[in-house]
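User: I would like to learn how to read salt bridges and strand pairing in a model. Please take me through one.

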Amino acid sequence: IAVAAEYLLHQPDIYSPKAQKLAIVDLDLHHGNGTQEIFWQRADVFYLSTHQQPLYPYSGSLEETGAGGGDGLILPLLDRYQPEMILVSYGYDPHWMDPLGSLLLSAGGYGKLAAKLAGWADQHCGGKIAWFLEGGYDPEAAQACSLAVVAALLGQPWQDPLGPAPYAETSSWRRMVERAQDIWSL
């Protein structure tokens with residue numbers, strides 16, 4: 001995804017000039033530490049990562065908000081940043097069936113995320129959005145999530161065959177959201 005972003009920022013195609021501002025939204029179980037590092041001091045790429053912590057690679061704390069021209073570019077700031085295109089890094093390892101994590105996302109949840117991001121792109125950047133598949137370690141969950149994302153992008157109805165997690169989520173995520181709101185004054 002970082003190579004695609006660099007290309008879009010430096011190589012105009014025959015139909016449009018090169019991009020000036022991009023957003024990378026990382027929806028994987030693991031923090032995209034390499035992507036974050038590449039764009040850490042840059043203002044031309046907004047990098048947002050949703051990931052489980054602590055978990056390998058043990059980076060991506062709420063306080064990691066960039067430096068120099070890249071400072072402060074984290075969380076639901078697409079409206080403030082106004083990118084020309086969104087690049088989505090998505091893995092299916094946050095699904096509740098995945099053996100590595102405990103984020104408990106459903107395939108239906110993936111579909112809702114995809115629809116919201118695509119809707120934002122339609123409204124703010126002419127529908128320019130690209131999806132880059134990353135991880136996922138449960139084949140059944142990956143299949144359901146893939147179908148949910150495609151259906152959402154096509155605006156088609158879809159029924160989650162796997163449903164929500166069979167066990168309740170804890171409320172520990174609320175503390176993390178409150179910390180993020182304090183850090184970024186959201």
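**Salt bridges and strands**

Analyst: The side chains of Arg-42 and Asp-44 form a salt bridge, with N and O 2.9 Å apart. The term means a side-chain nitrogen of Lys or Arg within 4 Å of a carboxyl oxygen of Asp or Glu. This is a predicted model: local features need pLDDT of at least 70, side-chain atom pairs count only at pLDDT 80 or more, and totals for chains, interfaces and linings use all residues. Residues are numbered from 1 along each chain as its sequence is written, and side-chain values use heavy atoms, leaving out hydrogens and water.

User: Which residue forms a salt bridge with Glu-6?

Analyst: Side chains of opposite charge can pair when their charged atoms come close. Here Glu-6 pairs with Arg-42, the closest N and O atoms being 2.4 Å apart. Glu-6 lies in helix H1 and Arg-42 in the loop between helix H2 and strand S2, so the pair ties together parts 36 residues apart in sequence.

User: In which sense do strands S3 and S4 pair?

Analyst: Strands (E, at least two residues) and helices (H or I, at least four) are DSSP runs, numbered from the N terminus. Two strands pair if DSSP finds at least two bridges between them. S3 (residues 85–90) and S4 (residues 129–133) pair in the parallel sense over five bridges. One of these joins Ser-89 to Phe-132 in S4.
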